[in-house]
Amino acid sequence: MTDPNSAPRNLESAGENPSLVEWLRECLDQDELLAKEAGRVRGELTGAHWHWEDNGSDEPLSVDFGLEYLNFDDSSSWARSVSLRSVEEVPTTSVGPLPEFIIHGEDEMKSVHAAHIVAWDPARVLAEIAAKRELLDLHRATARSNSRGRRECITCFETETPCRTLLILAQPYRSRPGFRKEWWR
Ligand SMILES: [Zn+2]
């Protein structure tokens, strides 16, 4: 497993001077690897959706933002144990289909944290990465250089690459190793 905050492996070992697009694709590759590993269900499926369940009833829980904690409701003064599980299940030979348990038993889970974790489950992260890759393809460089010896974005008319769309896509990754300030012009 590669630490997303470490330098992109391929570029580092090659001793290259990567373009913004190459560096950004490495960042996305690292995020994808992490999301796929975290999104495994019983070692088989990847990219799982996550939800919270009541450990007593095994029923899914929806987050009520009117309540500070996921574990309490107005009908009970007792905290209930909740777990974060994959929505997807995989058959087992012993006890039937089972989800992946990401957090086994939590008795003090704030509603906002519970909702955020579910909103950014592996399935969502992988969908975000796929969308960003499509944007990278859409804003790739022309095959030929212009009169200034620079290549232009195939989508942004007469704009040298990296175009503003690529720079905006790179923003969330600026703290990752390998980002170069000169890309941001
Ligand atoms: Zn563009």
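Which residues does Ser145 touch, not counting residues up to four places away in sequence? The exercises below treat this residue and then the rest of the model. Residues are numbered from 1 along each chain as its sequence is written. This is a predicted model, in which local features need pLDDT of at least 70 and side-chain atom pairs count only at pLDDT 80 or more, while totals for chains, interfaces and linings use all residues.

**Exercise 1. Describe the surroundings of Ser145.**

Step 1. Two residues are in contact if their C-beta atoms, placed from the backbone, lie within 7 Å. Leaving aside residues up to four places away in sequence, Ser145 touches Arg150 and Arg151.

Step 2. Helices (H or I, at least four residues) and strands (E, at least two) are DSSP runs, numbered from the N terminus. Ser145 belongs to strand β5, which covers residues 141-145.

Step 3. A residue is buried if 20 or more other C-beta atoms lie within 10 Å of its own, exposed if 12 or fewer, and partly exposed in between; the C-beta atoms are placed from the backbone. Ser145 counts as exposed because it has 12 C-beta neighbours inside 10 Å.

Step 4. Glu160 is 15 residues from Ser145 in sequence, and their C-alpha atoms are 9.3 Å apart in space.

**Exercise 2. State how the elements follow one another in the protein chain.**

Step 1. The protein chain has 5 helices and 6 strands.

Step 2. Read from the N terminus, these elements run α-α-β-β-β-β-α-α-β-β-α.

Step 3. Of the 185 residues of the protein chain, 18% count as buried. Among contacts with a separation of 6 or more, 60% join residues 24 or more positions apart.

**Exercise 3. Work out the order of the strands in the open sheet, and explain why β2 and β4 stand at the edges.**

Step 1. Two strands pair if DSSP finds at least two bridges between them. The open sheet consists of 4 strands in the order β2-β1-β3-β4, with antiparallel pairing.

Step 2. β2 (60-61) and β4 (98-106) each have a single partner strand, so one side of each is left without a neighbour in the sheet.

Step 3. β1 (residues 50-54) is joined to β2 by 2 bridges, and Glu53 stands opposite Pro60 in β2.

Step 4. β1 also pairs with β3 over 5 bridges, in the antiparallel sense. Here Glu53 stands opposite Ser83 in β3.

Step 5. β3 and β4 run antiparallel and are joined by 5 bridges; Leu84 stands opposite Ile103 in β4.

**Exercise 4. Identify the residues of the largest nonpolar core.**

Step 1. A nonpolar core is a set of buried Ala, Val, Leu, Ile, Met, Phe, Trp, Tyr and Cys residues joined through C-beta atoms within 7 Å. In soluble globular proteins, nonpolar side chains tend to be buried together.

Step 2. The largest nonpolar core has 10 residues in all: Val41, Ala48, Trp50, Trp52, Val63, Leu70, Val82, Leu84, Met109 and Ala114. β1 and β3 each supply at least two residues of this core.

Step 3. Apart from this core lies another, of 7 residues, among them Leu20, Leu24, Cys27 and Leu169.

**Exercise 5. Locate the cis peptide bond.**

Step 1. The cis peptide bond joins Thr161 and Pro162, with omega about 5°.

Step 2. Pro162 is in the loop between β6 (151-153) and α5 (164-170).

**Exercise 6. Find where confidence is lowest and where it is highest in the protein chain.**

Step 1. pLDDT is the predictor's confidence in each residue, from 0 to 100. The protein chain has a mean pLDDT of 88, and 87% of its residues reach 70 or more.

Step 2. Confidence is lowest in helix α1 (residues 9-14), at a mean of 44, and highest in helix α4 (residues 122-138), at 98.

Step 3. The pLDDT is below 50 over residues 7-15, a stretch that has 16 contacts in the model beyond near neighbours in sequence.
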